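Biologist: I would like to learn how to read sheets, helices and cores in a model. Could we take one feature at a time?

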Amino acid sequence: MSMIKRGTQVPARWRPLACGLFLMASCSIAAAADEGIVDVHALPQLEGAVEDTSRPDPYRVEYRMPTPESVTSPAVKKMLSAAGWVPYVRPLEEKSTTLNFKKGRQGLSVHFTQALGRPDQSVVYYSTDRIYGNVPFPDGASEIMFDGTRPYLGCIAATALDATADFYKSQMDAIGWQKLTPETAARWTTSLDETVPNGVRAFYAHPDSEVTGFYRQKPVMLTLTRRDDGRTNVDIRVAPFALPAELKADSDLAGLPRPNPTKSAKSLGGASSAKREMSAAVMADLPAVLAFYHRELAARGWQVNGSVPLAAGDEVAIKVSNAEETGVLRIGRKYDFTMVSMATQLTEAALAARLKAKKEADEKFFSDALGAAKQLITADEARRKVQAAALSDAPLNALADSKTPVPLPENAEGVKFEGGDGSLEFSSASSVKALTAFYRASLKPMGWNERPSVINQPNMAMLEFAKSGKSISFTVMQMGPKVRVSAEGSGLKMAVAKPAEVQAKSSEPLKPDTESQLPVPTQRSSTSLATTKLPGTEMPFRRELEASIPAPLGDVLAFYRTELGKLGWQEKTDGAVVSAERAQIDFTSPQGPAVLKLGRAKGETTVNLAQKNPEAATKADIMPKPGQARVMFGNIGPKEASLTINKQTIKIAAGAGGPQSPKGPMLDLAPGTYQYALRTPGRPARSETLTVAAGDAWGLMVGPSGDVLPLQMY
């Protein structure tokens, strides 16, 4: 299993290709002036707020409050609402503590944490939240459920049906939505059924526009219905005729079929579990989802055995079974999703058969393993006897001119002596008997007294000697055709000449290379500079310098403090580590956060200097959510790949992350180390690990040979 740690260097020939492919896959086109992004630094803050300015970020603000979250959250909601920001909840996120707001075409996300070690204080984070499919909210609307990516809107307008209809007629047109007629809708459908009992319905489409922020939006259906209390129900969702009529299968969950596309999904158990469950929010109409399950379950040998009582939210609830399992499939509607859940369990007979088969398999495995072990032991004993017979029992003489504290036999091979550590190793063609006799005879005249040892076998012996408060322990063991001798103890320690001081002062002051994008001395033995940026632009969102400098660490650190200060970088004292062998210091630069790491290797000072540009990363749409890391997936191989990480399986189509795919899959993760498994057709599964930190953005690119290239993008 290969282990790919955070900070792993990527071969130079891979970097330009991988960066370009990932950026083409995941970056939105950056506009010079983006009116869809709110200036979070201009937003109001609660009285008593103390803003954290240590990490400047144009798309994020963080400030501390002297009140707990339970007090801070409603106060922020009230303050922003008074400033014209309309709060809403995202579908399926009703229990989230994050606050979401909309003002015109701008979105805002606000979340809270407890201040470190202070339950009586809280921290507030403002983050920009781009709205890709804007639709208007009626004034005074309540119970607003909104998702600006599809888009979806469900709410109750405070006005009557006619007034609400007039509002949408003017406001949809004002932001570029064009009402569909049978002629303009012909590319999607041959009929527009606008008849709604006790209400009205209309269909709209919006052209792509970089100026207004619309990206590949499907036509939407607006439905208004009259309420008994004089208000109006509002529902805007993707038009049914624009949804997929036939669903393809995504990767299984717990071995159960899942349709594609889904907004969210989860599972419990695995394909071989006695009980397993899966659920998903499918972005399709119920008939298409039901047809998918009829098709997929039949192909897997499942049968439909009638209906079961409906639960809350169900429109379909059926019993299913196969040769070993029984289960229930439930399908219903919620918001604009078709909600699916399926739970199965083994029959008692199948469970008993599995337990019996497992017991028999375990017994056979242990029986076979025991037999194989006995055969190996017998063969090893026979081999050792043959090898031992070839070892010499002849008395040994001491090797002349030995520099070790104890004598070496004349046939010692591969001698390794560490006087500073007090250790000695070598091999010999003599027998264990001959070598133990050699040391007993050699050390006694030197004043060493032997202590009793319980291990004294033909193929292994241990010897213990002591003299004047010092000791030496010998292990003499036959290792194949040779005998290996290892010794350690205070009796072997001796002063060793220290090598020339590796951190001698430089013969001349370090001078900056004026041609380098990031500071580096001209006196260096190696250097490399890697940048990640949007193709065709000059603004990278991450730069990283690696160098090796033949100078003391203190001189290199002084060089960087001087040169970075000239560039307007400010050193952060919190968390800084500086010693004779290593240093790590965080900086704030005009472009964004940066970190300098120095170390020592092979008599030189190693340098790693990395700088991030959050503005460029946000415009490239790779900025992770606050407190999380983002992972992007690509595949330049010829076949589809499947990658499982953090109990989620992501299918990566061939070419995803390249010119033929407009967007590759992405995943947000909490900081930590994750093991992931890659599966490609015709190749064995490969398992690797990836360590991510908060604020990092990584790319995992599947190569043509089935290898995974990890690349830190931000």
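Modeller: Strands of a sheet pair through backbone hydrogen bonds, either parallel or antiparallel. In this predicted model, 6 strands make an open sheet in the order S16-S17-S21-S20-S19-S18, with antiparallel pairing. Strands (E, at least two residues) and helices (H or I, at least four) are DSSP runs numbered from the N terminus, and two strands pair if DSSP finds at least two bridges between them. Residues are numbered from 1 along each chain as its sequence is written. As the model is predicted, local features need pLDDT of at least 70 and side-chain atom pairs count only at pLDDT 80 or more, while totals for chains, interfaces and linings use all residues; side-chain values use heavy atoms, with hydrogens and water left out.

Biologist: How many bridges join S17 to S21?

Modeller: Strand S17 (residues 275-282) and strand S21 (residues 337-346) run antiparallel and are joined by 8 bridges. Val282 has Thr338 as its bridge partner in S21, and Ala281 has Met339. On the other pairing, S16 and S17 are antiparallel over 6 bridges, with Lys266 opposite Ser279 in S17. The hairpin of S16 and S17 has 6 residues between the strands, and Gly269 there takes a positive phi near 90 degrees.

Biologist: Which strands does helix H4 lie across?

Modeller: Helix H4 (residues 286-299) lies across S17, S18, strand S19 (314-321), strand S20 (325-334) and S21, and runs at about 165 degrees to S20. Contact here means heavy atoms within 4.5 Å.

Biologist: How should I read a second sheet? In what order do the strands from S28 to S30 stand?

Modeller: The order is S28-S29-S33-S32-S31-S30, an open sheet of 6 strands with antiparallel pairing. Strand S28 (526-533) and S30 are at the edges with a single partner strand each, so one side of each has no neighbour in the sheet. Neighbouring strands of this sheet are turned by 15 degrees against each other on average, direction ignored. S29 and S33 pair in the antiparallel sense over 8 bridges, and Glu546 stands opposite Asn608 in S33.

Biologist: What lies across this second sheet, and at what angle to S32?

Modeller: Helix H7 lies across S29, S30, S31, S32 and S33, at about 160 degrees to S32. The expected span of a helix is 1.5 Å times one less than its number of residues. For the 14 residues of H7 (residues 553-566) this should be 20 Å, and the end C-alpha atoms are 20 Å apart, which agrees. Just after H7, Gly568 takes a positive phi of about 90 degrees.

Biologist: Which residues of H7 are buried?

Modeller: Buried means under 20% relative accessible area, exposed over 50%, and partly exposed in between, with a 1.4 Å probe and protein chains only. In H7 the buried residues are Leu553, Val556, Leu557, Phe559, Tyr560, Glu563 and Leu564. They cover an arc of only 160 degrees around the axis, which puts them on the same side of H7; the arc is that of the directions from the helix axis to the C-beta atoms. Their cover includes strand S29 (540-549), strand S30 (570-578), strand S31 (583-588), strand S32 (593-601) and strand S33 (604-612).

Biologist: And the nonpolar core?

Modeller: In soluble globular proteins, nonpolar side chains tend to be buried together. A nonpolar core is a set of buried Ala, Val, Leu, Ile, Met, Phe, Trp, Tyr and Cys residues joined through side-chain atoms within 4.5 Å. The largest one has 24 residues, of which Val406, Leu424, Phe426, Tyr439, Leu443, Ile472 and Phe474 touch the most other members. Helix H6 (432-443) is among the elements that give two or more residues to this core, and H6 gives the most, with 6 residues.

Biologist: Is His111 buried or exposed?

Modeller: His111 counts as buried because its relative accessibility is 17%. His111 is found in strand S5.

Technical notes
Axes fitted to C-alpha atoms, helices over the stretch in contact; angles between N-to-C directions.
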